[in-house]
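Thanks, everyone. I'll take one chain and walk through it briskly. Please keep the viewer open.

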Amino acid sequence: MTIRRWKGCHVGREMTNEMLCEAFYLEKEIEQWKKELEKLKSASLTPQLSMENTTVKGGKIKDSTGDLASEIADLERKIRKEVYRLIRLKNRIAEYIMGIEDSQTRLIFHMRVYDLMTWNDIADKIGGMNSEDSVKKRYYRYLKKTS
């Protein structure tokens, strides 16, 4: 089993932790696909001479503009599929977080999973005597308790 890390996140240790980490990675993956889509769309807007768009190779006609349009459509479908998957995953996570009785723990989970905040930023936002280490421990203790 491959261990992927996200600031202390060990995929595969607990189902809940795996689900939370997957949302993080899926969101990052979607961002990368969207950047790639923008590059393809920019390339499609670059004016090209019509003779350059169509070439004949081995008796077959190759249409680079059509190929690019097809590649864009395929990537848009992939992004839509992954976005729907992320929405379903985030809905499951939201149900999990809403089930946390303690409001401070619930807030820590929300800031970590939805706002993608660092442990230090979460501690600063919550305030009081909370440190980076204390909010992190609270998060992982709750995960361990519920797994």
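Surface first. The protein chain exposes about 9,900 Å². Carbon and sulfur atoms supply 54% of that area. Of the 147 residues in the chain, buried ones make up 30%.

Now, a caution. This is a predicted model. The mean pLDDT of the chain is 81. Residues at 70 or more come to 77%. Over residues 1–14 the pLDDT is below 50. That stretch still has 30 contacts in the model, beyond near neighbours in sequence. Where pLDDT is low, predicted coordinates should not be read in detail. By element, the lowest mean pLDDT belongs to helix H2, residues 50–53, at 49. The highest belongs to helix H5, residues 119–126, at 96.

Next, the layout. Six helices and two strands make up the secondary structure. From the N terminus, the order is α-α-β-β-α-α-α-α. Take the contacts with a separation of 6 or more: residues 24 or more positions apart account for 52% of them.

On to the core. Which residues touch the most other members of the largest nonpolar core? They are Ile-93, Phe-109 and Tyr-139, out of 24 residues in that core. Look at Ile-93. Setting aside neighbours within four places in sequence, Ile-93 contacts Met-19, Leu-20, Ala-23, Val-113 and Tyr-114. There is also a second, separate core of six residues. Its members include Leu-37, Leu-40, Leu-68 and Ile-79. As background, nonpolar side chains tend to be buried together in soluble globular proteins.

Stay with helix H3, which spans residues 64–98. Glu-82 is found there. Is Glu-82 buried or exposed? Its relative accessibility is 8%, and the cut-off for buried is under 20%, so Glu-82 counts as buried. What is Glu-82 in contact with, leaving aside neighbours within four places in sequence? Leu-26, Glu-29 and Ile-30. With a relative accessible area of 43%, Arg-80 is partly exposed. The C-alpha atoms of Arg-80 and Ile-30 are separated by 9.2 Å. Along the chain, these two residues are 50 apart.

Helix H4 now. Asp-102 caps its N-terminal end. A side-chain oxygen of Asp-102 lies 3.4 Å from the backbone nitrogen of Gln-104. The buried residues in H4 are Thr-105, Ile-108, Phe-109, Met-111, Arg-112 and Val-113. Pick out Thr-105. It has a relative accessible area of 5%. Beyond four places in sequence, Thr-105 contacts Ile-100, Arg-138 and Tyr-142.

Then comes the loop between H4 and H5. Leu-116 lies in it. Check the backbone there. Leu-116 has a positive phi of about 55 degrees, although it is not a glycine. For context, most residues other than glycine have a negative phi. At 26% relative accessibility, Leu-116 counts as partly exposed. Met-117 lies in this loop as well. Met-117 is buried, with a relative accessible area of 17%. Leaving aside neighbours within four places, Met-117 is in contact with Met-111, Arg-112, Ile-122 and Lys-125.

Last stop, H5. Its buried residues are Trp-119, Ile-122 and Ala-123. Seen down the helix axis, they fall within an arc of 100 degrees, so they line one face of H5. What do these buried residues pack against? H4 and H6. The face turned away from the buried side carries the exposed residues Asp-124 and Lys-125. After H5 comes Gly-127, with a positive phi near 80 degrees.

To wrap up, two things to keep in mind. H5 has the highest mean pLDDT among the elements, and H2 has the lowest. The largest nonpolar core holds 24 residues, among them Ile-93, Phe-109 and Tyr-139. That's my tour. Over to you.

Methods:
Residues are numbered from 1 along each chain as its sequence is written. Side-chain values use heavy atoms; hydrogens and water are left out. Helices (H or I, at least four residues) and strands (E, at least two) are DSSP runs, numbered from the N terminus. Buried means under 20% relative accessible area, exposed over 50%, partly exposed in between (1.4 Å probe, protein chains only). Contact means heavy atoms within 4.5 Å. pLDDT is the predictor's confidence in each residue, from 0 to 100. Accessible areas come from the Shrake-Rupley method with a 1.4 Å probe; for residues, only the protein chains shown count as cover. A nonpolar core is a set of buried Ala, Val, Leu, Ile, Met, Phe, Trp, Tyr and Cys residues joined through side-chain atoms within 4.5 Å. The arc is that of the directions from the helix axis to the C-beta atoms. A polar contact is a pair of N or O atoms within 3.5 Å; within protein, one must be able to donate a hydrogen and the other to accept it, and residues adjacent in sequence count only if both atoms are side-chain atoms.
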